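Please look over the model shown here with the helices and the surface in mind. The notes that follow are grouped by topic.

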Amino acid sequence: MADRSGALKIEYRLTFASDITLDTANSLRSRIAEILERPDFGALTILFSSEGGSCDQSLALYNYISALPVRVQMHAMGHVGSASIPIFLASRKRTCASHARFFFHEYDWTFEGPQTLRRINEAVQRLTNDIELAREIIKTSTKAGADIFNALDGTASPKIMLPEEAKLLGFVDDIDDLREATSDGMPFVVWTV
């Protein structure tokens, strides 16, 4: 597909399959920025799989992707769980592979070294806030129920959600293995983070 000037436009499919850390989040942001600056940029689909990781970086990536001036499609290509759920929900257009899954469980905190009462209290406050923010993102983006919300704080059992249920609850718009070019005929290339 070409733009008005006749230049060919490309859909970039950016593969991200990693835990969420400061380094991986920065790499994803950098790669997205690089793609958006390309003269042949036409569309961006993030092929996403992550077990989760840093809640701080999850929230930062959610806000970053939500604020992008272009439509971004998130595509769950494998396991999307824990702190990676809000990142996946950052896009208004979401799809998943036919064998993808979503995993919801109790958020946790890792301590390193000796702790004081003040550090422990700070961790409790931050973890509680991480859970509240994740719930709010899920609530505003989907039709999730108490079983999902309560899994985040451990008051319900962990939950695995398969594609059909994800579609029913609004986590994804469609189940698609993305084997073809986009419906508008735009060719695509695959990049990695």
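**Helix packing and a surface patch**

In helix α1, the buried residues are T24, A25, L28, R29, I32 and I35. They cover an arc of only 135° around the axis, which puts them on the same side of α1. This is a predicted model, and the points below should be read with that in mind.

**Helix α1**
- The cover over the buried residues of α1 includes the strands β1 (10-17), β2 (41-50) and β8 (188-192), together with α2 (55-67).
- Helix α1 runs over residues 22-36, and at 1.5 Å a residue its 15 residues should span 21 Å, which agrees with the 21 Å between its end C-alpha atoms.

**Helix α2**
- In α2, the residues that count as buried are C55, Q57, S58, L61, Y62 and I65.
- Because these residues cover an arc of only 155° around the axis, they lie on the same side of α2.
- Elements that cover the buried residues of α2 include α1, β2, β3 (72-81), α3 (84-88) and α4.

**Nonpolar surface patch**
- W109, F111, L117, I120 and V124 form a nonpolar patch on the surface, and together they have about 490 Å² of accessible area.
- One of these patch residues, L117, lies in helix α4, which comprises residues 117-141.
- L117 counts as exposed because its relative accessibility is 74%, where the cut-off for exposed is over 50%.

How values were computed
Residues are numbered from 1 along each chain as its sequence is written. This is a predicted model: local features need pLDDT of at least 70, side-chain atom pairs count only at pLDDT 80 or more; totals for chains, interfaces and linings use all residues. Side-chain values use heavy atoms; hydrogens and water are left out. Patches are made of residues with over 30% relative accessible area and no salt bridge: like charges are joined within 9 Å, nonpolar side chains (Val, Leu, Ile, Met, Phe, Trp, Tyr) within 5 Å. Accessible areas come from the Shrake-Rupley method with a 1.4 Å probe; for residues, only the protein chains shown count as cover. A salt bridge is a side-chain nitrogen of Lys or Arg within 4 Å of a carboxyl oxygen of Asp or Glu. Helices (H or I, at least four residues) and strands (E, at least two) are DSSP runs, numbered from the N terminus. Buried means under 20% relative accessible area, exposed over 50%, partly exposed in between (1.4 Å probe, protein chains only). The expected span of a helix is 1.5 Å times one less than its number of residues. The arc is that of the directions from the helix axis to the C-beta atoms. Contact means heavy atoms within 4.5 Å.
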